[in-house]
Amino acid sequence: MKLADLYLEQKKYLKAKECYDRAISSRTDSPDPFYRRGLCHMEMNDFGAATADLERVVSKDSTYDYQRASGLLAKVWARTGRSHEAEQLFRQVTQTSTLSETQYNFACFLAEQGKADEARQWAEKILAKKATMPRYLKRRERPWFRRASALLKRLPS
């Protein structure tokens, strides 16, 4: 499992997925290898396979990885044409989650659905966090700030 985590960190998603496949047995009840294999599937744009793994994780623990698993499940549902379910899950998760990644994915989903005003609100919500964050968190959140800014520029006024 550590080798798989190392491959995932190095962005060698196919090798990581293969290691997670070997780590998962019929007796595995831990959500972690399924979650991480789902991440690999997402990075390889295999959203159907990612859906199965993330659904398994969320069914065991909807708050797994600070609700990131639920947020990513909503994203893959959106990518596989399950828009209604994705929107419901996004709305449920964003009520309590403060993860910029989830908020950004929801904003992108809303923009794709033609809800530009609401998408703009979520992107602005991400950028509003910047003013009160300590520097070390600003560095970690910088990619989400950039993506939110770019999304705001793409949205119609």
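Contact here means heavy atoms within 4.5 Å. Buried means under 20% relative accessible area, exposed over 50%, and partly exposed in between (1.4 Å probe, protein chains only). Helices are DSSP runs of H or I with at least four residues, numbered from the N terminus.

This is a predicted model, in which local features need pLDDT of at least 70 and side-chain atom pairs count only at pLDDT 80 or more, while totals for chains, interfaces and linings use all residues. Residues are numbered from 1 along each chain as its sequence is written, and side-chain values use heavy atoms, with hydrogens and water left out.

**Helix H6.** The buried residues of H6 are Ala86, Glu87, Leu89, Phe90, Val93 and Thr94. H6 holds 12 residues, 83-94. The expected span of a helix is 1.5 Å times one less than its number of residues. For H6 that gives 16 Å, and the end C-alpha atoms are 16 Å apart, so the two agree.

**Serine 100.** This residue lies in helix H7. Serine 100 is buried, because its relative accessible area is 3%. Leaving out residues up to four places away in sequence, serine 100 touches Ile126, Lys129, Glu141 and Trp144. With glutamate 141 there is a side-chain to side-chain polar contact at 2.5 Å. A polar contact is a pair of N or O atoms within 3.5 Å; within protein, one must be able to donate a hydrogen and the other to accept it, and residues adjacent in sequence count only if both atoms are side-chain atoms.

**H3 against H4.** The axes of helix H3 (residues 32-43) and H4 come within 8 Å and cross at roughly 160°. Axes are lines fitted to C-alpha atoms, for helices over the stretch in contact, and angles run from 0 to 180 degrees between N-to-C directions. H3 and H4 are therefore roughly antiparallel (over 145 degrees). On the H3 side, the residues in contact include Phe34, Tyr35 and Met42. On the H4 side they include Phe47, Leu54 and Val57.

Most residues other than glycine have a negative phi.

Note on methods. Helices (H or I, at least four residues) and strands (E, at least two) are DSSP runs, numbered from the N terminus. Angles under 35 degrees count as roughly parallel, over 145 as roughly antiparallel, 65 to 115 as roughly perpendicular and the rest as oblique.
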